[in-house]
Amino acid sequence: MKKCLVASDSFKGTLSATEVCHEVEDAFAAAMPCCSVVSIPIADGGEGTLDCLARALPESRRIHVEATGPFPGESVESAYLVAGDTAFLEMAQCAGLPLVEGRANPLATTTQGVGELMAHAIESGCRRLVLGLGGSCTNDGGAGMAAALGAVFRDADGRAFVPVGGTLAAIAACDASAVAVRLAGIEVVAMCDVDLPMHGPRGAACVFAPQKGASEADVRLLDDGLRHLDGVLRRMRGVSVAEVPGAGAAGAMGAGVIAFLGGRLQRGIDTVLDAVDFDRHLEGADLVITGEGRLDAQSASGKVVSGIVRRAKHSRVPVVVLAGEVDLDAA
């Protein structure tokens with residue numbers, strides 16, 4: 001064997017993607033010192049994506065920004081990555097679940113800080129925004145993000161406010177014209193690895209809100225709020241985005257990216273693999289080693305392993321998967 005490409009996800013709670021790659025590198029150095037090992041830590045758009053991209057893009061710069069955190073009125077230190085005229089952003093930087101440990105409440109959390117990061121990137125000259133939607137603690141349909149970029153929401157009495165998950169039903173009107181002006185000439189892409197709709201039994205609230213601290217009553221309220229927001233967006237755009245695959249991602253942030261920003265959703269792993277020039281590194285490889293903490297049915301539907309296997313198969317390169325736990329049936 002002359003060349004091995006190592007491209008692994010993290011083993012959450014145990015090893016980072018970089019640490020997994022280092023372990024494999026060390027093993028090859030001891031057992032097959034003549035084999036060239038190319039190592040690329042990989043993420044799929046969620047937490048850790050910026051670190052993955054920073055290592056793969058040595059010319060990139062990390063920009064630090066103080067932005068609104070998960071709760072209105074509270075700020076957190078956040079960052080995004082710039083490579084050329086592209087800004088890579090992680091929603092989890094200012095609206096991630098780890099930031100609300102012990103206080104999780106999707107009725108009250110906001111995506112406002114995400115919009116502030118995007119605004120900062122645009123003002124810094126970036127013309128392309130790539131946003132990772134993984135690991136969110138929110139369920140506001142991207143309303144907070146839109147407000148940070150200039151959208152104005154009003155209640156039945158005409159008062160302007162920034163909606164959160166628990167107040168979406170109070171939106172009587174929305175004017176997002178300032179957002180369109182601000183994003184003129186800006187490409188927005190969201191990395192999304194779920195195909196759930198915006199609301200309903202398979203929607204954002206019913207599937208993910210319980211993991212974010214919602215009770216059964218909270219889930220009903222949040223789902224009703226997203227249904228109401230869908231109606232507001234339908235009146236604003238003339239068409240519903242609720243059934244677009246991925247609209248329910250990250251507390252229906254997927255729907256917000258489409259409706260408020262005119263952006264598009266695409267597989268997170270494909271976005272990352274393109275950004276790190278995976279296909280070029282794959283050239284001449286005799287073997288690919290990848291991995292993740294748990295290999296299960298989800299691994300085959302848009303996660304890191306499936307994306308790597310798909311590309312390696314196209315190039316006829318065999319793949320070995322390392323996993324902390326395997327939960328797959330024969331099919």
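Q: How many bridges join strand β4 to β5, and which way do the two run?
A: 3 bridges join β4 (residues 75–83) to β5, and the two run antiparallel. This is a predicted model: local features need pLDDT of at least 70, side-chain atom pairs count only at pLDDT 80 or more, and totals for chains, interfaces and linings use all residues. Residues are numbered from 1 along each chain as its sequence is written, and side-chain values use heavy atoms, with hydrogens and water left out.

Q: What counts as a strand, and what as a pair of strands?
A: Strands (E, at least two residues) and helices (H or I, at least four) are DSSP runs, numbered from the N terminus. Two strands pair if DSSP finds at least two bridges between them.

Q: What stands opposite L81 in β5?
A: F88 does.

Q: Which sheet holds β4 and β5?
A: An open sheet of 6 strands, in the order β3-β4-β5-β6-β10-β11. The pairing is mixed. β3 (61–68) and β11 (264–266) stand at the edges with a single partner strand each, so one side of each has no neighbour in the sheet. The twist averages 30 degrees from one strand to the next. Axes are lines fitted to C-alpha atoms, for helices over the stretch in contact, and angles run from 0 to 180 degrees between N-to-C directions.

Q: Which helix lies across β5, β6, β10 and β11?
A: Helix α10 (residues 268–275), at about 115 degrees to β10. Contact means heavy atoms within 4.5 Å.

Q: And what does α9 lie across?
A: β6 (128–132), β10 (187–191) and β11. α9 runs at about 145 degrees to β11.

Q: Switching to T86. Buried or exposed?
A: T86 has 9% relative accessibility, so it counts as buried. The cut-offs are under 20% relative accessible area for buried, over 50% for exposed, and partly exposed in between (1.4 Å probe, protein chains only).

Q: What does T86 touch?
A: L81, C126, R128 and V130, not counting residues up to four places away in sequence.

Q: How many aromatic pairs are there?
A: The structure holds 1. F153 and F260 sit edge-to-face, 5.8 Å centre to centre, with 80 degrees between the planes. Rings of Phe, Tyr and Trp (its six-membered ring) pair if their centres lie within 6.5 Å; planes under 30 degrees apart are stacked, over 60 edge-to-face, the rest tilted.

Q: Where do F153 and F260 lie?
A: F153 is in strand β7 (residues 152–154) and F260 in helix α9 (residues 249–261), 107 residues apart. Both are buried.

Q: What is the bridge partner of F153 in β8?
A: F161.
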